[in-house]
Amino acid sequence: ALTHAVLKRLKERQLEGLLHAVESRGGARTPCLLLPAKADSRLGQHWYPLPVLLCKVFRWPDLRHCSEVKRLCCCESYGKAHPELVCCNPHHLKSPPPPYSRYPMDFLKPTADCPDSVPSSTETGGTNCLAPGGLSDSQVLQEPGDRSHWCVVAYWEEKTRVGRLYSVQEPSLDIFYDLPQGNGFCLGQLNSDNKSQLVQKVRSKIGYGIQLTKEVDGVWVYNRSSYPIFIKSATLDNPDSRTLLVHKVFPGFSIKAFDYEKAYSLQRPNDHEFIQQPWTGFTVQISFVKGWGHCYTRQFISSCPCWLEVIFNNR
């Protein structure tokens, strides 16, 4: 009855926007649903803020408090402490508590006879692919004093990088496979010669993909697709641990995949083991649909069908 009463307050255009958000499960960019912040929304013995109420109805029935969700930076209510009007679009919020699983990986060290070891970003692909703006890969990664981008993204299919490095200047980036609308990095527009049935099957499941967002406390990854994603980042785990972890993030959930302060603390020039790793503290790896590591036959991300490498600008 309360939900019905709330929906009755909405204008036709607001209802259409809400329907579009719910039907696309947040994949499509939809407008804010602005309603009075102090509107009555008591459900039984409990009072819920309107955004929480609509999230309980359309997304997470067990949600109890607004502290359990985090706003997307594209939302008009993002960063506002006490607005008169608050956005109630349930898909303008993401859930940051850890609903993801963690899979341990064996401590790996690249060796000459280990073909599955992942090359570092500056060693990938022997071709000098052009990056956005006409710069080469090496220029994007190493241009001295360049602060125009905060990260670059590489898309891989198994051991082959597909397309050029994608330089990111805006605070938020959608990475998806094929959409008729939306801005960002469209993987479906890249030319790939991979004929593997598994690669093609995983491609078809990327869908709305992920949203990568640089925020005050770090970089967040929001899973907008209908399937899990798997993430490995040096800043997600205990820096004293010798066991790397792969984190499984379910659809509709998010994770702070990168923490700048932790990354700087991991820069230990005398730590030979960390220097020898096939990744740096400023790199995050993300696999679509398929996981890797201790619990899988795929021990290395280079065995995953479709995956991303995100390299952060540490200057």
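Me: What should I know about the model and its numbering?
Reply: The model is predicted: local features need pLDDT of at least 70, side-chain atom pairs count only at pLDDT 80 or more, and totals for chains, interfaces and linings use all residues. Residues are numbered from 1 along each chain as its sequence is written, and side-chain values use heavy atoms, with hydrogens and water left out.

Me: How many helices and strands does the chain have?
Reply: The chain has seven helices and 18 strands. These are DSSP runs numbered from the N terminus (helices: H or I, at least four residues; strands: E, at least two).

Me: How much of the chain is buried?
Reply: Buried residues make up 50% of the 315 residues. Buried means under 20% relative accessible area, exposed over 50%, and partly exposed in between (1.4 Å probe, protein chains only).

Me: Turning to the rings, how many aromatic pairs are there?
Reply: The count is 10 aromatic pairs. Rings of Phe, Tyr and Trp (its six-membered ring) pair if their centres lie within 6.5 Å; planes under 30 degrees apart count as stacked, over 60 as edge-to-face and the rest as tilted.

Me: Why is the pair of tryptophan 60 and phenylalanine 253 called tilted?
Reply: The planes of tryptophan 60 and phenylalanine 253 stand at 40°, so the pair is tilted, with ring centres 6.1 Å apart. The two residues are 193 residues apart in the chain, and both tryptophan 60 and phenylalanine 253 are buried.

Me: And tryptophan 150 with phenylalanine 312, stacked or edge-to-face?
Reply: That pair is stacked, because the planes of tryptophan 150 and phenylalanine 312 lie at 20°; the centres are 6.2 Å apart. Tryptophan 150 is in the loop between helix H4 (137–142) and strand S8 (151–157), and phenylalanine 312 is in strand S18 (residues 307–312).

Me: Which cluster do the ring pairs form?
Reply: Ring pairs link Trp150, Phe258, Tyr260, Tyr264, Phe282 and Phe312 into a cluster.

Me: Now helix H5. Which of its residues are buried?
Reply: In helix H5 (residues 197–206), Val199, Val202, Arg203 and Ile206 are buried. They fall within an arc of 110° seen down the axis, so they line one face of the helix; the arc is that of the directions from the helix axis to the C-beta atoms.

Me: What is exposed on the other side?
Reply: Gln197 and Ser204 are exposed there.

Me: What happens just after H5?
Reply: Glycine 207 takes a positive phi of about 50°.
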